[in-house]
Every structure is written in structure tokens, then in C-alpha cells.
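Let's take a walk through this model together. Keep the picture open as you read, and look up each part as it comes along.

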Amino acid sequence: MRSADSPNILEVKGLVKTFPNGVVALDHVDLEMKRGEIHAILGENGAGKTTLMNILFGLLKPDEGEIYLNGERVVFHSPIDAINKGLGMVHQHRKLISAHTVFDNIILGHPRTGRIIEKNKLRAEIEELCRRFGFKIDLDARVWQLTAGEKQLVEIIRALYRGARILILDEPTSVLTPPEIDGFLQSLKAVSKSDITLIPFVTHKLPEVFAISDRVTILRRGRVVKTLRTSDATIRSLAEDMVGRELTFELERPLVQMGKEILKVENLSAMNDKGLVAFKNITFSLHEGEIFGIAGVTGNGQHELAESIFGLRKPVSGKIYFEGKDITKHGVLERLKMGITYVPPERLGVAVVGDLSLIDNVLLTYYFEKPLTKAGFIDYKLAKNLTEKIIAEFNIVAPGPGAKSAHLSGGNLQKLILGRVLIKNPKVIIANLPTQGLDIAAETYVRRRLLECKKMGIGVLLVSENLDEILQLSDTVAPIYEGQFVRILNNVNLVKEEVGAMIAGAYSRRGTVYA
Amino acid sequence: MLSLRVPKIKLERIVIISQWRAIRISVYSIASAFLIFSLVLFYEGADPLQAFQNMFSFAFDPKLGLSLTIHRAIFIMFCTMAFIVPLRAGLWNIGMEGQFYMGTIGAFFIAYTFPNYQPEILIPLMIIGGSIAGAAYGAVTGVLRGRFNVNEVVVALMLNNIAFWIVYLLVVGGPWAGIAESSSRPLPNSAHAPYIFNIPFTFFLAIAIAVLLFFFLRMTVTGYKIRVLGHSETVARISGINQVTLFAFAMTVGGAIAGMAGYHMWAADPAFLMIPRPDAYKAIGDLTYWGIIIGLVCLLNPIPTIPASLFISSIITGSTVLVRRMRLPFGLDFLFLGIISITFAAFQFFYNYRLRVMRR
Amino acid sequence: MIEAFQSLWPFTTRFLEVSTILLLAAMGELLTQRSGVINVGIEGLMLFGAATSFLTAQTFDAFAGFLAGTVVGAVFGLFHSILSVSLKVNQIVSGMGVWLFAMGFVTYWADRYTGPLRVSIPKIAGLTPAVFVALVILVALWFVLNRTHFGLKTRAVGENPAAAEVSGVNVVRIRYICTTVGAALCGFSGSVLLLSYLGAWSHLPTKGLGWLAFGLVMFSLWRPGILLAGSLAFGFVWQFAISPHTIFPGFPAPLPVNRMLPFLMTIVVLTIISTESFRKRWALMKPEALGQPYIKE
């Protein structure tokens with residue numbers, strides 16, 4: 001099918017991809033990209049964006065379906081094939097060498113670079129390219145010195161220098177500050193004017209979708225919901241399409257009188273691992289029997305917040321009070337002893353040790369106090385009984401308490417992680433993405449258990465990306481965006497699309513968020 | 001057209017390794033080492049089976065090599081346990097040679113300072129002195145790694161060389177020099193290790209420590225924390241386990257055990273009872289590296305080190321017979337150590353991959 | 001003045017030889033580490049190089065000896081690559097395996113021939129030609145690392161192999177080449193030690209020099225220039241410790257203290273550069289992916 005004057009530079013027909021665990025990531029996806037347009041792909045986490053992106057870039061092979069470039073059928077076996085055919089990718093987790101200069105990063109692996117690096121010749125070519133698009137970047141700067149936006153620019157330049165006609169951008173604005181975003185949008189416009197097609201893959205950053213794109217395709221659960229011109233949509237309509245109106249399950253949220261305040265966070269701020277501000281001036285309180293739900297897309301500071309409250313991350317300012325006492329300077333062990341527990345977002349290698357038995361893993365929350373330890377010794381008999389109790393009570397499918405935790409499925413492991421915390425009857429549970437990677441049955445089970453915490457007077461701090469989950473479980477909902485709580489809302493008559501819009505940035509007042 | 005059916009061998013990555021598989025790998029690697037060693041013997045013109053028979057019969061003959069075998073086995077046991085404890089916490093204790101030298105210094109210092117004490121008091125004091133010296137040396141490495149994140153392998157090696165020269169300083173023409181200027185004065189009689197059933201008492205000490213370590217790691221809270229830390233620093237951090245103190249503790253314990261070897265080596269072997277010439281005590285220092293290999297082969301478990309050390313020690317003792325009686329070149333036991341080391345390293349491959357033969 | 005210089009010349013040639021030995025081994029490890037692979041078996045590679053070159057030179061001639069030592073180093077470098085890069089074995093275990101094997105094998109193989117070399121090694125003005133070879137290699141190493149595409153790829157692989165892969169770099173190939181060539185240099189270093197410096201075989205002749213070279217690489221911030229300075233300094237201290245009286249007649253400190261010095265210096269320097277003020281600088285220069293096996297997703 002050759003049409004030299006087809007306006008579609010990229011076409012995808014009937015793409016299907018199923019993963020070994022049975023999950024259908026892409027379900028007959030069709031796409032059309034016009035030459036020189038900026039076409040955004042929008043969708044929640046789990047909608048299939050990453051899979052689609054990886055297939056386009058040659059990192060994955062589809063089970064069914066075809067890809068056409070300029071009307072010609074192409075099959076990619078590796079990213080090199082994709083690069084050679086004119087596709088460039090700008091990754092979310094920058095694939096740049098931080099210690100090297102911008103120049104070195106651009107010429108790395110480039111066919112024009114030759115054996116001995118002819119600095120002047122290559123430099124002139126790159127400078128010419130930058131001039132053409134209006135890019136301003138210091139070629140001799142080290143990448144680690146650059147801001148997130150500049151790093152992204154380097155990736156763009158690198159792709160363009162290799163002759164990319166189509167640029168795939170993975171979450172391009174997720175780490176940019178508002179002033180950088182404007183600069184970034186300018187660059188994108190300049191690039192698209194040169195007839196280069198840009199495909200940004202976006203989750204929730206709705207204001208930018210509007211500012212950037214000509215058209216937008218919305219993915220939900222592996223299917224294309226619709227493709228439309230951006231000018232024909234509103235933030236509200238996009239949020240609706242992304243998230244869907246139906247709630248996927250029903251759970252009874254017990255009406256329990258909230259008890260006294262047990263946790264108070266005051267003006268807390270902390271940095272993330274890259275040295276940038278993760279969250280700023282967060283203030284809220286948690287009460288006995290309350291489930292406080294922090295809703296947001298990963299990368300907006302909620303994980304760093306959870307870590308700070310548990311003691312894994314030192315805040316740079318602000319205070320944390322537990323039952324009236326200032327615990328800001330306390331370490332993890334002290335907080336554990338006080339009854340503050342944590343369910344991390346990952347299991348193997350983070351919450352549990354795969355090579356150790358279930359008993360040893362249960363001990364991780366008991367080794368520092370009686371009755372399981374006495375006079376410096378571990379009472380393994382008691383520990384075994386406790387583990388068996390947890391296995392029984394939480395319906396965990398396991399060969400036995402002595403089995404290695406790596407032998408358990410994700411769902412059963414999560415039940416163990418939750419169980420070892422719940423049996424203690426703690427005061428606070430910080431549940432960070434508690435249902436991540438679980439199947440429906442396990443998900444429902446975990447959620448039910450969290451709800452039961454209310455009756456036990458436990459305060460639960462829930463961090464989740466799943467709006468259904470937040471709305472079903474929480475008494476209080478705090479959507480987080482770019483390190484700040486957009487609002488703190490009572491979960492009464494809340495509308496899902498409202499919250500969805502908040503975590504997507506619809507309510508961010510640019511410039512005033514970073515006060 | 002004839003087509004050859006070559007079975008396709010697929011490499012499969014293993015996520016977790018079962019205890020049985022790990023044990024099998026250890027056994028196979030030793031067996032392979034034996035095979036390779038046999039090839040060497042064959043090349044040298046000796047009959048491997050005859051050679052092994054000579055080796056082991058000499059090593060275990062009470063009238064010939066048995067006492068040496070037992071003595072060296074005890075030494076290796078100490079070294080192996082000194083390696084195991086830190087590695088359980090995730091630290092590579094390559095510094096046993098230095099900790100052993102410092103243990104020697106500590107023990108001998110006590111002996112020379114209090115030569116008139118009763119053996120019942122002097123000997124425990126010597127052992128304690130050796131342990132403290134070794135522990136302190138181990139602590140240096142542990143602290144530098146815990147606090148400053150300095151690579152413990154390099155530091156340990158440097159310290160090993162330094163300790164060698166400290167012993168040299170004291171012994172060769174130094175304050176401890178004996179009649180022959182390059183070795184030390186002999187130990188006072190009260191320092192000599194007493195024998196029980198013709199076995200130096202340090203044997204029972206080593207076994208006691210092995211058993212103690214086994215229960216320590218299994219049953220105590222600190223042992224538990226060490227094990228968790230050795231498996232995953234992340235899980236340890238999330239569970240409130242303090243890495244810095246545990247690193248220092250583990251290295252100190254390792255150093256202490258290696259330091260005990262400093263008493264045992266010289267005071268429990270009638271052939272020494274003093275610190276010998278530098279090349280002789282260096283040769284013993286080189287033996288400490290057996291601790292690394294045996295520790296790894298025993299999968300960091302203290303109890304199997306008892307039979308494993310005896311086994312290796314019999315090879316060390318037995319190869320002297322090969323050199324003398326069968327006129328084989330010097331250094332065969334050393335060679336066997338080398339062969340086991342490289343075989344074991346190569347067999348680590350099986351920790352990560354499983355070979356699956358696919359029928360097309 | 002001239003007499004003083006002339007009397008110091010023998011000492012100078014000797015310490016330059018030690019510096020060369022250190023420099024060669026360190027350069028080899030530097031190349032290996034720049035690609036992200038850590039090889040702790042330097043001492044073993046030097047032992048193999050020394051033994052092989054000694055036995056080859058006894059039978060043939062000096063040149064063959066140097067060549068043989070280098071080749072043996074390369075062989076074990078290849079072995080280490082296969083184990084660490086392809087089979088993903090823990091790099092420390094693999095390196096130590098090579099070292100301990102070398103200790104055992106070399107003792108068994110060469111100790112029976114303990115004694116002096118029968119062949120004479122050509123010298124230029126009293127200096128072994130290896131000194132000049134080492135300097136040439138140093139310049140070449142600098143050039144390759146900083147001015148060629150291969151060098152850029154190597155450095156990238158050592159920092160972030162995933163990013164390099166995405167740019168079209170063959171990570172595995174680069175690591176193999178760097179580890180093998182690096183080990184070859186270590187083998188060559190061993191030959192220089194035996195043939196030029198010692199001139200005779202004895203039991204385990206390396207005496208910790210390999211580990212000193214390893215320490216040198218760590219605190220040279222992975223730059224060839226600092227490596228040169230470090231090897232000169234350490235070579236001087238090492239030789240000084242052996243014969244202090246040529247410089248300072250009547251030097252009071254006893255011999256063992258001097259012999260300890262290079263090792264003490266290494267610990268001190270390593271600790272200093274790990275303190276807060278230096279740590280950032282050092283961490284910046286350290287190849288980020290050092291020691292981590294590269295697993296393709």
C-alpha cells in the first residue's frame with residue numbers, strides 16, 4: 001500500500017499485545033499520525049501507553065497488527081531498527097550519561113561520529129541544528145548540571161541529529177517546572193513546523209495536552225476510546241473519557257465515628273532522590289478510624305511524603321506529631337515501636353526478602369519487641385504460630401510458614417505484608433500503593449481489610465493512583481499535584497471526574513503553586 | 001538430506017535458588033576440582049588414584065600426619081568462620097591474614113608480658129588478647145566501610161600487608177627476636193596449648209564457636225538482623241535495621257575469630273611454639289585465604305565448616321607426602337587451592353542460570 | 001652536583017621500574033573499570049605474567065618473555081569477562097578466583113625453578129625499555145579514552161549501560177575488549193616486574209604490588225594523569241623503603257616501617273577522598289555502573 005502523498009506518516013492497525021500473565025495490554029489499537037502534527041496519547045496508568053510506546057520503538061513485538069511508516073510496512077526487531085527508520089524516543093527516565101557533556105551525549109553511537117572524534121565538524125553540525133529549531137543549550141555543560149527540561153532538550157536534539165522524523169515523547173512534562181513547560185512547548189512547536197511528527201504520551205497532565213497538541217487519542221484498558229482534535233475537547237471531557245464513568249466495584253464503607261487526632265503533619269517539605277523539591281508545605285491530620293486517601297499520579301511527591309512520615313526520608317522543614325509528640329527527628333525503628341507501620345509499594349526486595357522464609361519475613365515487624373523476642377533471642381515457636389495464624393486468617397495460599405517468600409504469588413505476598421502489620425493492631429498504617437500489581441480478588445480483599453481498620457481504630461494513610469480505590473475507601477481525600485495538596489476534601493458526594501481533574505492539574509494555578 | 005538433530009540448549013535465568021541446588025553446585029565444583037587436579041597429577045606422571053590414596057592415608061594416620069591435619073583444620077576453621085560472619089551481613093572480609101597477624105601479636109604480647117602466670121590464666125588471656133587485637137583490626141575495616149563507604153576489599157588487603165610488616169618489625173631483629181635473629185623467642189611453657197585426647201584444646205574451642213555462631217545466627221535478634229542485612233540493604237532499612245552498627249559489629253566479630261587463630265597456630269603446634277621466619281609465617285598467612293573458598297563452598301554455614309576444614313586440611317597435609325614420596329613438585333596443595341577457587345568461581349554461573357535441553 | 005645525580009641514578013632507575021610496574025597494572029585496571037567491570041584479580045594477573053614471562057624468557061629470549069606474559073594476562077582477562085559479563089557471576093568472586101588460582105598455580109609451576117634469569121634484558125641508559133613503552137601506552141590510553149568514539153562508548157558503558165545500549169552501543173563487546181586488554185596490561189606489568197626489576201624467580205614475587213595498583217586506580221579519580229603521578233610517588237616510596245640509605249645515609253626508621261608506607265598511604269588517601277568534602281567529587285568521577293552486571297531487559 002504505497003501512497004507517496006499520504007498525509008499519514010505513521011499508521012498502526014489492529015495492534016494486539018497480551019502478556020504472559022494473561023493481561024491484555026493492547027486490544028486492537030488503530031492509530032493514524034499525520035505528518036508534522038503533534039498528536040498526544042492520553043491514558044491512565046495501565047491503559048496500555050507504555051506497551052504501545054515500546055512496540056513503536058522496537059522494544060517489544062506485537063502479537064498481532066501492523067505498523068506502517070510512510071505507507072510502507074515495517075517490522076522492528078530492536079530500537080536500532082526504529083532509529084534507522086526515523087523514529088526517535090525521548091524517555092521519561094532519561095537515558096543520558098549524567099557525567100558526560102551534552103555534546104558527548106549527542107554524538108554517542110552516532111554513525112557520523114567515526115573512529116576519531118572530529119570535534120569541530122560535528123559541533124558545527126549540531127550548532128546548526130540547534131539554530132534551525134531555536135534551541136538554546138550549552139553543549140559543554142555536564143548533563144547532571146542541567147535542569148530536567150534541559151535534559152529533555154538534549155534527548156530531543158540527539159534524536160533529531162540522528163535524523164528522526166517522528167519523535168515519541170514519554171511523559172515529557174512530568175518532571176518539568178511550570179516555567180520550563182512554556183519553553184518546552186515553544187521547542188515542540190518549532191520542531192513540528194519542520195514537518196516532524198511528535199507523539200507525546202501523557203498521563204493526566206491535561207493543561208499541557210491542551211497547550212501542546214493538535215490532536216489527542218485516549219486509551220483506556222488497552223483500547224482506543226476516541227481520537228479527536230484537541231480543540232474539540234475540554235479538560236472535563238478528556239478526564240471523563242480517560243477515567244470512565246462507571247465505578248468498577250462496590251464495597252461497603254462502614255460509618256465509623258472518627259476518633260482523636262493521632263498524626264499531625266505541619267508544613268512538611270522534603271527533597272526527592274534527584275535533589276529537587278518533592279513536596280512542599282504539606283499540612284494535614286489523621287484521626288483514629290480514619291482513612292486518609294492521597295490521590296495522585298506517581299511523581300507528584302506522594303511517595304516521598306509517605307516515606308517522610310515513616311522516617312525513611314528526612315524532611316527539610318516542618319514537623320510531624322504523633323499522639324501529640326514531636327517525632328520529626330525519630331528514626332524508622334522508633335516509629336515502628338510507637339506503632340507506625342508501613343506497607344511499601346513494592347514487595348520482593350523492598351518489603352520482604354525473597355530468600356527468607358515467611359516466618360523470617362513476618363519477624364521483620366516483630367523483631368524489636370516482646371513477645372516474639374526475649375532477652376535478645378527470637379522465640380521461633382511463637383513466630384511460627386503467629387505466621388500460621390496470619391496465613392489462616394488472611395487466606396494466604398502458601399506451602400507452609402517455612403516456605404520462602406519468593407514462592408508466593410503477588411497477591412498472597414501482599415496479604416502477608418498486610419497481615420503481619422494488621423495482627424499487631426498498630427496505631428497507624430501507611431499503605432503506599434497497597435493493591436499495585438494484584439489481581440481483582442486480591443485487590444478486593446486488601447481493600448476490605450483496610451476498611452476494617454476503621455472499626456479497629458487504626459488510622460490509615462492511603463496513597464493510591466486508582467481513583468475508584470480512593471473514593472471507595474477514604475473518609476478524606478487529598479488529591480496531590482506537583483507536591484501540593486490541591487484540596488483536602490470530605491468524601492461526601494465527591495465526583496470522580498472532579499478528583500480526576502484535580503490530580504491532572506486542572507486546578508493548578510501556574511506560578512502560584514510554587515509560592 | 002540428513003539433518004542433524006542437535007538439541008538446543010536454552011539458558012534460563014533463575015530467580016531464587018533452592019538450598020539443595022546450592023549444595024549440589026558446591027559438591028559438583030569440588031568434584032570438578034578433584035578431576036582437574038587428577039589431570040595435573042596424571043600429567044606429572046603420577047597415578048591419581050594412587051596419589052589420593054597416599055595423600056589421605058598419610059593425612060589420617062595417627063602415627064604420621066593426623067596431628068598436623070587436625071591442627072591445620074582448626075586453623076582453617078577459625079579463618080572460615082572469620083569470613084562467614086561478615087559476609088552474612090554483606091561484607092567481604094578479605095582481611096583475615098592481617099587479623100591473624102594481629103592476633104598473633106596480641107597473644108604473644110600477653111605471653112611475653114606475663115610469662116609466669118598459670119596456664120589456666122595465661123592461655124585464656126592470650127586468646128582474649130589475640131581476639132581483641134584481631135577484632136580491633138577488623139573494626140577498622142568495618143568502620144571505614146560503614147561510615148566512609150571505603151571499599152572493604154582494598155582496605156583489608158592494605159591492612160594485611162601492613163600487619164605482615166608489623167610482625168616483621170617485632171620479630172626480625174626486634175624486641176621479640178630470639179636466638180636466631182629472624183624468628184622470635186619461644187613461648188613460655190605455660191602458654192603451650194594443652195591436649196585432650198591428643199588433640200589441642202583449640203579444636204574444641206573452634207567447634208564451640210562454630211556451634212555458637214550457628215545458634216547466634218539462627219536464634220538471636222542480632223543474628224537475624226545480620227541475615228536480613230546481608231540479603232537486602234533495602235529491606236533492612238525499611239525495617240529499621242541499622243546498617244552502620246551491624247557492619248562494624250560483623251567485622252569486629254570476624255576479626256576476633258581470626259585473631260584467635262593467632263594463638264592457636266603457634267601455641268598449639270609443637271613444631272612452632274614461637275613466631276618463625278618471615279617466609280614461614282607468610283606461608284601460614286597465605287593459608288588464611290582458604291577461609292574464603294571454604295566459607296563460600298559451605299554456603300556461609302558454620303557447621304559444615306567442621307568437616308570441610310578437616311577435608312581441606314588433609315589435602316594440605318597429604319600433599320607434602322606427594323612431594324616427598326612421589327617426587328612431585330612443591331606446591332601441590334597450593335595448586336589445589338587455586339583449582340578449587342577458580343572452579344568454584346566458574347560454577348557460580350549455575351547460581352544464575354539453568355541449562356535446559358530443549359527437544360526440537 | 002653531577003656526582004650526586006650520578007650516584008642517585010641507579011636508585012632512580014629502580015624506582016622508575018617500580019613505578020612502571022604499578023603504572024602498567026593500574027592503566028589496565030583503569031580501562032577495565034572505565035567500562036564498568038571491576039577486576040580484583042590484578043595480583044593474580046601479575047603473578048601469571050611474571051611466571052609465564054620468566055619461564056618463556058629462560059627458554060627463548062626477553063622479547064618472547066614479555067609477549068608471553070602479556071598474552072597470559074589477556075587469556076585470564078577473557079576468562080574474567082566471560083564469567084562477569086556473560087555469565088553474570090559476582091565480579092569479586094570471579095576476580096578472587098583468578099587471584100587464588102594464580103597463587104596456587106604459579107607456585108606449583110615456577111617455584112621449582114627458583115633462581116636468576118639466564119637471559120639479559122636490554123636497557124637504555126640503565127632504564128628498561130618498558131618504561132618508555134608504558135609512557136607511550138599512557139598517552140595512547142588518554143587519547144583513546146578522550147578522543148575516540150571507542151573511548152566515548154567505553155565511558156558511556158561504565159556510567160549507564162542501559163543508556164548506551166539505547167544509543168546503539170554494544171555493551172557486551174565493549175566490556176569484553178576493555179577487560180581483556182586491561183588484563184593484558186596487568187600481565188605485561190608482571191613480566192616487567194620479573195624480567196626487568198627482579199631478574200629472578202622467588203615465591204610469590206608480587207608482594208602486594210597488584211593491590212597497590214588497584215588502590216591507585218580507586219583514588220586516581222580514573223584519570224590517567226593522576227595515575228602517572230600516583231605511580232611515581234608510590235614507586236619512589238616502595239624503592240625508598242627497600243634502600244633508604246642511598247638517599248639518606250643514616251636514615252633512622254627501620255626497614256619494616258618503610259615497607260608499610262605505601263599501604264598506609266593508600267588507606268589514608270582512600271579515606272580522605274571518602275570524606276564528605278571529597279565524596280561528591282569522587283562519586284562524580286566514579287564510573288557509575290562499576291561492578292554491576294548489565295542485564296538486558
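**A tour of three chains**

Buried residues account for 55% of the 297 residues in chain C. Keep in mind that what you're looking at is a predicted model.

Let's stay with chain C for a moment. What is chain C built from: how many helices and how many strands? It has 12 helices and two strands. Along its principal axes, the C-alpha trace of chain C spans about 65 × 50 × 30 Å. Now look at who touches whom: of the contacts in chain C with a separation of 6 or more, 80% are between residues 24 or more positions apart.

Next, see where chain C meets chain B. The contact takes 39 residues from chain B and 41 residues from chain C. On the chain B side, the elements that give two or more residues include helix H5 (119-148), helix H6 (152-171) and helix H14 (332-347) of chain B. H14(B) gives the largest share of that side, with 12 residues. Sort the side of chain B that touches chain C by class, and you get 29 nonpolar, eight polar and two charged residues.

Now over to chain A. Its domain assignment gives domain 1 (8-243) and domain 2 (260-339 + 424-504). The C-alpha centres of domain 1 and domain 2 of chain A are 33 Å apart.

Time for some strands. Strands of a sheet pair through backbone hydrogen bonds, either parallel or antiparallel. Chain A shows you both kinds. For the parallel kind, find strand S6 (residues 87-90) of chain A, which is joined by four bridges to strand S7 (residues 166-170) of chain A. Here A:Met89 stands opposite A:Ile168 in S7(A). In a regular strand the side chains alternate between the two faces of the sheet. In strand S6 of chain A, A:Leu87 and A:Met89 point one way while A:Gly88 and A:Val90 point the other way, and all are buried.

For the antiparallel kind, look for the open sheet of four strands in chain A, with the order S12-S11-S14-S15. Its edge strands, each pairing on one side only, are strand S12 (277-287) and strand S15 (325-326) of chain A. Strand S11 (residues 261-271) and strand S14 (residues 317-322) of chain A pair over five bridges, and A:Leu263 stands opposite A:Phe322 in S14(A).

Let's zoom in on one residue, A:Lys415, in helix H13 (residues 410-422) of chain A. Is A:Lys415 buried or exposed? A:Lys415 is buried, because 26 other C-beta atoms lie within 10 Å, and 20 or more is enough to count as buried. Leaving aside neighbours within four places in sequence, A:Lys415 is in contact with A:Phe394, A:Ile396, A:Ala442 and A:Tyr445. The C-alpha atoms of A:Lys415 and A:Arg449 are separated by 9.5 Å, though the two residues are 34 residues apart along the chain.

Finally, how confident is the predictor? Chain A has a mean pLDDT of 83, and 93% of its residues reach 70 or more. In chain A, confidence is highest in strand S19 (residues 428-432), at 94, and lowest in helix H8 (residues 235-243), at a mean of 73. Over residues 510-515 of chain A, the pLDDT is below 50.

Conventions. Residues numbered from 1 in each chain as written. Chains lettered and ligands numbered in written order. Buried ≥ 20, exposed ≤ 12 C-beta atoms within 10 Å, placed from the backbone. Contact = placed C-beta atoms within 7 Å. Domains from an automatic or database assignment. Nonpolar A, V, L, I, M, F, W, Y, C, P; charged D, E, K, R; others polar. Pairing = 2+ DSSP bridges. pLDDT = per-residue confidence, 0-100.
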